[in-house]
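Here is a short briefing on how two parts of one chain meet. Look over the sequence and the model first, then read on.

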Amino acid sequence: MNEIEIRFTLNHKDITAKTQGNRLLVDFLREDLGLTSVKKGCAEGECGACTVICNGDTVTSCTMLAGQVQGKSVLTLEGLSLGGELDILQETYMEAGAVQCGYCTPGMILSSKALLMKNPSPSEDEIRRALSGNLCRCTGYTKIIKAVQMAAECLSEKISEKLPEKEEAAS
Amino acid sequence: MNSPVMERSDQRSDAPAKSRSEGQGRGYSVVGKDCIKKDALDKVLGKAMFSADYSMDGMLYGGVFRSTIPHGTIKSLDLNGALEMDGVAAVLTSKDIPGKNRFGIIIKDEPSLVDDKIRRIGDPIALVAAESEEIAERALAAIKVEYEVIEPVLTIEEALHEDSPKVHGTTNVHISKKLIHGDADEAFKACDVIVENTYNTPSLTHMFIEPDAGISFFENGILTILASTQNAHYDRNEVSDLLGIPRSKVRVKQAVTGGAFGGKLDISVQCHLALLTWHTRRPVKMVRSRKESTLVSSKRHPMTIHARTGATSEGKLLAMEVFMTADTGAYASYGPAVATRAMVHCSGPYVIPNVKVEALFVYSNNPMCGAFRGFGVPQVSICHEGQMNALARELGMDPIEIRRINAHRVGSQIITGQILKESVGFLDTIDEALEGAGQVMKSGRAV
């Protein structure tokens, strides 16, 4: 199999890496680049443990070839807290008790992140729909949904803090 | 404010952050408080190391060649294709086991590698270790086997038929046990109403989200295995027996484990890893695919439960008779413990003074059944709750009322003879469930 060169943005950094043309994105990220937060739970796009964000959308990295991220921007869980500060979702997942065995957690947080990037105040149904591709066998989902709601609440508080005059005008 | 009930409702409020601070100052450091799990930070950062996340210098990748038939012997096994392949470090069969080739948590009936015969689809026949996952896969594909097929035993009825092939030894009966409490035969005569039904429950797989995996290596002369397991101490004993070396020369560490639910109590990759590292003296990693994990991990026991339950016209339970049969599959695993739990719990949280229970578990050539959340209790719950509903219908009673009349309370005697002296939460649970159900109905959700 031919070796290919991939140029893309990984966790906010432009990189160039070589890999085999038939390499799956999940193996490329885990094995070649050492990003082991990306989990391989089923290798057929069913469980969502390998979810990463590609150009703002969630994708299952086990059903994509590495070459498909050429020129794109990929975010894994490692890229969420660059600079040492936790993302609000990482905080609320801990706070709500949404983490048990932790194997689905990276994919689950990234699906939550992709949702909040597009829709900062989702309804419960919108959250459930956004997470429907990520299976969890421990929590029963309730606390995961709670964590996303808490994060959304914090985000809206932050926005209103930044815009005091708008809030006053509304009241 | 200090009552436990209030505290529970605090936690259900819409603001867990607030209830956390309200939970302080009750004299407990953890109980009654929302605590952040110690491992949560590593897990939300993606830093938690699961078995498959480890890599070592000079590491080999292990794979297992498995049977494609449920019952039979090996007529011929040709390993040459794998042995001659570049990048293959070892190809092993049962002949390469230096110690004992039988393991199992209660009964040692499962081989690490098939020696006498194949008992299920997926039984391990040979191991390979190679320089890459890809070579390991190619080596497995290059192994050729010819089987002598034995008629498989696939149902409980077939297992019990006297002419059926035997999965182990001279009988397919794995467990036959009785539990007698009072005199059920006599008590049935006094019943105003008797309901009789048969319940079938299916086999289920745990589908833990992390497929079984592990890595083995020598550390200071000690064979060390890091694995996704619920049972590190037991694994260590099995590996030490397998290799015929002292316990002190084996160490098993539990890596962060991605779900289990009982499904990681049995040996998965541990013995195979140990053999490969023992023979190659190199680190070896094995990661099961979802398919392989699902094929050979333990399952929930499928059961057929026949029950007769009798009560007075007022709904007071007097007698119950249960006959349960279960298919434990190819190996015992936790079957004996599942049988005991299912029997002890088969009358449910109800006072029944006269109970007769019989359990019959059989071996078959189906997937092995073992520990799975509740150890047989979920299966019998289907039965005892079905019987309560049937009695309520028969008597024209409210199904909740008949449960209240017969509910275990402090001071009740259960069918093992034990008196429940401490708290019994069943009646409170009924009340809270009814209240919760009422709220759900009102809000219109999940109806």
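One salt bridge is counted between domain 1 of chain A and domain 2 of chain A. The model is a predicted one. The points below start with that bridge and then widen to the whole boundary.

**The salt bridge and polar contacts**
- Lys118(A) pairs with Asp57(A) in a salt bridge.
- The closest N and O atoms of Lys118(A) and Asp57(A) are 2.4 Å apart.
- Five residue pairs are in polar contact between domain 1 of chain A and domain 2 of chain A, with both residues at pLDDT 80 or more.

**The domain 1 side**
- Two elements of chain A, β3 (51–54) and β4 (57–60), each give two or more residues to the side of domain 1 that touches domain 2.
- β3(A) gives the most to this side, with three residues.
- By class, this side of domain 1 of chain A has 10 polar, six nonpolar and five charged residues.

**Extent of the boundary**
- In chain A, 21 residues of domain 1 are in contact with 16 residues of domain 2.
- About 1400 Å² is buried between domain 1 and domain 2 of chain A.
- Carbon and sulfur atoms give 64% of that buried area.

Notes:
Residues numbered from 1 in each chain as written. Chains lettered and ligands numbered in written order. Predicted model: local features only at pLDDT ≥ 70, side-chain atom pairs only at ≥ 80, totals over all residues. Heavy atoms only, no water. Contact = heavy atoms within 4.5 Å. Buried area = accessible area lost by both parts, 1.4 Å probe. Salt bridge = Lys/Arg side-chain N within 4 Å of Asp/Glu carboxyl O. Polar contact = N/O pair within 3.5 Å; in protein donor to acceptor, adjacent residues only side chain to side chain. Helix = DSSP H or I, 4+ residues; strand = E, 2+ residues; numbered from the N terminus. Nonpolar A, V, L, I, M, F, W, Y, C, P; charged D, E, K, R; others polar.
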